[in-house]
Amino acid sequence: MRPPIPYLLCVAMLTSVAASSRALDELERALRRTPPVTTGFVEYRFSHLLKNPLQVSGTLEYRADGVLARRVEVPYRESTEVSGEQLRIERENRPARTLSLARAPQLRVMLGSFRALLEGNFAPLSRDFEVTLAEDDTHWTLTLVPRDARLLKALARIQVSGSEDRPDCIAALESDGDAAFTLLESQPVSAALPARAVLEHRCHLGAGAPRAAPPAP
Amino acid sequence: MTRRGAWLLAAWCVLLAIGVTWIQSRLHVSADLRLFMPTPRGEQQRLLVQNIGESPASRLLLVAIDGDQPAVLAGISKQLASTLAARPEFGLVANGAQAPIAIPDALLPYRYLLTDSFDLHSLDASTLETALADRAADMASPASTLLEAWLPRDPTLEVLHLVDRWQPGTEPRRVDDAWFTGDGRRALLLVETRAAAFDPDGQTTALEALRAEFARARGASPARLTISGSGYFSSVIKQRTQAEASWFGGIATAGMILLLWFAYRHVGFTLLGALPLASGALAGLAMVSWLFQSVHGITLAFGFTLIGVAQDYPMHLFSHLRRGESAEVTARRVWPPLATGVASTCVAYLAFLISGVIGLAQLACLTACGLVVAGLTTRYLLPRVTPAATRDPADSRLLERIDRRVSRLPRPLALLLVIPVAAALVFWLRPEGFWQNDLSKLTPVPPTLLREDLALRRELATPDLRYLLVASGIDEQDVLARLESLDDSLAQAVNRGAIGSYDHAARYLPSDARQRARQAKLPDPAQLERLVHEAAAASPFDAQLFAPFVADIARARELPPLSRAELATTPLALRIDSALFHREGRWYGLVSLFDVHDPAAMAALGSAASPFVTFLDLKDASEQLVAAHRSHILLCLDVSALLLVMVIWIALRRVSRVLRVLAPMVLTTLIILAVLRGFGVSLNLFHLISLVLAAGLGLDYALFFEHASDDPAEQRRTLHALLVCALSTLLVFALLALSTVPVLAAIGITVSLGVVCNFLLALLLTRERAA
């Protein structure tokens, strides 16, 4: 299971977390923000299906009408919009493809959680995930571990990390070892593909949660 | 009544009872409207008649649910759809929540024979390279969640392509994955009934099931259900007609009994009066069910209306009874005009027997046979069981007063000129819309229901009910090939905006020839292996990953073409069955058109592929059919009028007598036509039948008035008889005129008008003045 990075990214975008010690319910209140919000991103994808990791970059937008838009600009142009129950993908010189979230229940869970985060209402979020917050002097890390056994089989955990009140990385770690790292705006984009270990370090993997989150049997 | 009379009466009643049981066991009533249609001429009309009530589009019920929050409505819609799909009354159920049609796992390799992706560009290195580049992009997009699993087996995403292709062209708006109207207030469903649209009983069963399941799905919600569609209409009309008919029947019977009691003051007469009609009706039914396999419901309804004339026969006998005279003598006295009436009407109906319309032939047979038997029983059986008269209508004070008043009136000969001129004037002033050509008006649906239907159809984007393309051929493969040959021009029509989209069976099941052609174009395993390596080298994927893909193509190359039998248990079968079928040794494939903007372009497309493809404009074809039908019936009517005049001529032998008898009937027909025209009513089949009935009644009235001798007492008896006849008929048809079912109202108004005019005109023009 591949986590839908745009939602998590938006969560991060809208989340302004101070480095000082905070309880989860304080974070919950701090998460409330008014769209629209736009930011740039770079995403690295590591998969056992791939010979080499993929790298794409572009912008993310959460619009006032509730639509999430993810625009890829390099190395090709692609736009993804999530509106209600529909996921619509448009690529250069290709007909648009529309997918229903109803046929992707796990994707829908993620969307639900995202909405919960936006609303500053953790109840649905903690219904679907085990939520923990870890901090050190300079960084904080929010870890989400799926409660649903089927989802957990695919997705080990999601980690949103940042420093001061700036979220800067989202890491989605899949149970089969695949992973996606999304670095936000402030991060310099290098043409050369960084090694996975570099990204893991950048995203503070192991800072808040066990490095490998073994699914509970 | 004598002892012999009592035995005879008992035997008669027993015979009727036996007749009722025999007919009940034999009679097969059909609701197939096609029995009432003329033999179709030409391909268009033939297809029309075959299609009425049986096309897939006509079997769809449109369902809307409103009256609660959208989320609740969506829940009810989903619950309803899943329970309906499990019921035997329904085929396809769609509300937007169904997963798109999926190919069963076992048939997955067939996707390379079903897909059109490689028809133009075969599966080569560049196709594969582009596909892999796209898949790589998918891997980096949120959709990867959904597509990753397919990647090794289906790198070109043919499964997804087929599913997309099989989706209906445009879909209604969705809320919570259920279809809704554009305003989001009503949840929408499409339900296909197994019963044909013209099968009101089957439709009623289906509707009851639908309502029951809705009540269960709704639970405590205040949501409401709205249903529309051809099948719903046929059920509503049948129920309404039945409800009103039984209600009116009850009142009419009560009124009749009161009227007869007031006229004859004798219980016996009231009961005996029903015997000739009952005998006639049974005899007519027996004859029809003996001659024809099934009797149309309309035949029965109209047949009994037309046989209603026979209710007058016993009244002629009873009213002419004299004190001290045996009923058999009276019967002999009233027989000449009665027999002339029966004979002329029956001869007139003979013309319908040869009309070529089964329903009309049945109607003629039922009525003619019924009238003859009713006449004969009135002449030969009824007098033997009639009790001796205790009263003579000629003694009635009331009647005497009426008689005197009427006699003082001048004979309004001027009417002979005034009525035709006035009628001609009306026809001249309002020439438009004389005939009703719209077939749908034959079983008219209240306009509010039609508006609702149109609105729902627009929201649901159901196939056009009016326009169709029909391909025909000697077998299934032949038709599938013809459908495929239309694809190019249909796609062009979609691009030009002539139609929104289209659908036909070959989109799901390509012809064997096409499947073989696709098979032949697939690369062999060694070739494919090379292609995959080449394409993978330029992609972020490893060639080894696509082993399942290579295996599937290898399987697809060896498969026998996919046949209908293998699809039998899949959702695809439903779509294919309703659009690909054989009738009378020939195979037909329907092309459903959606959102038709340019019918002329589609007609041109059809004629370009003629004669194997026909463009069907159901409305146009049905109007032509109705027009042809009517001119046929009018011809029959002309022939019957001629026959009728001949019989009267033979019976009366003098021009002046013949004219006096025919005048009221002819003038009344003119008056009715002028009145209907004046009110802008377009004439249909039901008006014509009512006109025939009114003419028959008028003929009887005139014959009896004409026959009455100079004897004032006898004249008063005739007046009594005809007053009772006219009033009883008027009672029944005036009630019918109040009906909310347009067909019944049309008959009621026409006949009521006919009775009044015929009676008055016969009284004033035909009746002899007492010496």
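These notebook entries record what I looked up in the structure.

**Entry 1. Confidence**

I began by noting that the model is predicted. I read its scores as ipTM 0.80 and pTM 0.66.

I listed the secondary structure of each chain. Chain A has six helices and 11 strands, while chain B has 31 helices and 13 strands. Of the 217 residues in chain A, 39% are buried; of the 771 residues in chain B, 46% are buried. I also looked up contacts with a sequence separation of 6 or more. Residues 24 or more positions apart supply 49% of these in chain A and 82% in chain B.

**Entry 2. Helix α10 of chain B**

I checked the span of α10(B), which covers residues 230-264 and so has 35 residues. From first to last C-alpha, α10(B) reaches 49 Å, close to the 51 Å expected at 1.5 Å a residue. I noted its buried residues, among them B:Ser230, B:Gly231, B:Tyr232 and B:Phe233, and also B:Leu260, B:Ala263 and B:Tyr264. Just after α10(B), I found B:Arg265 with a positive phi of about 50°.

**Entry 3. Packing of α1 and α12 in chain B**

Two packed helices are described by the angle between their axes and the distance between the axes. I looked up both for α1(B) (residues 3-26) and α12(B) (residues 274-291): the axes come within 10 Å and cross at roughly 35°. The crossing is left-handed. On the α1(B) side, the contact is made by B:Trp12, B:Leu16, B:Gly19, B:Val20, B:Ile23 and B:Arg26. On the α12(B) side, I listed B:Leu275, B:Ala278, B:Ser279, B:Leu282, B:Leu285, B:Ala286 and B:Ser289. By class, the contact has nine nonpolar, three polar and one charged residues.

**Entry 4. B:Val426**

I located B:Val426 in helix α18 (residues 415-429) of chain B. Is B:Val426 buried, exposed or partly exposed? I counted 18 other C-beta atoms within 10 Å, so B:Val426 is partly exposed; a buried residue would need 20 or more. Apart from neighbours within four places in sequence, B:Val426 is in contact with B:Ala674, B:Arg677 and B:Gly678. B:Gly678 is 252 residues away along the chain, yet its C-alpha atom is separated from that of B:Val426 by 6.3 Å.

**Entry 5. Backbone exceptions**

Most residues other than glycine have a negative phi, and most peptide bonds are trans. I looked for departures from this.

- A cis peptide bond joins A:Val74 and A:Pro75, with omega about 10°. I placed A:Pro75 in the loop between β3 (68-74) and β4 (78-83) of chain A.
- A:His204 has a positive phi near 55°. A:His204 lies in the segment after α6 (196-202) of chain A, and it counts as buried because 22 C-beta neighbours lie inside 10 Å.
- B:Arg653 has a positive phi of about 70°. I found B:Arg653 in the loop between α27 (618-652) and α28 (655-678) of chain B, where it counts as exposed because it has 9 C-beta neighbours inside 10 Å.

Notes: Residues numbered from 1 in each chain as written. Chains lettered and ligands numbered in written order. Predicted model: local features only at pLDDT ≥ 70, side-chain atom pairs only at ≥ 80, totals over all residues. Helix = DSSP H or I, 4+ residues; strand = E, 2+ residues; numbered from the N terminus. Buried ≥ 20, exposed ≤ 12 C-beta atoms within 10 Å, placed from the backbone. Contact = placed C-beta atoms within 7 Å. Axes fitted to C-alpha atoms, helices over the stretch in contact; angles between N-to-C directions. Left-handed = near helix turned anticlockwise from the far one by under 90°. Nonpolar A, V, L, I, M, F, W, Y, C, P; charged D, E, K, R; others polar.
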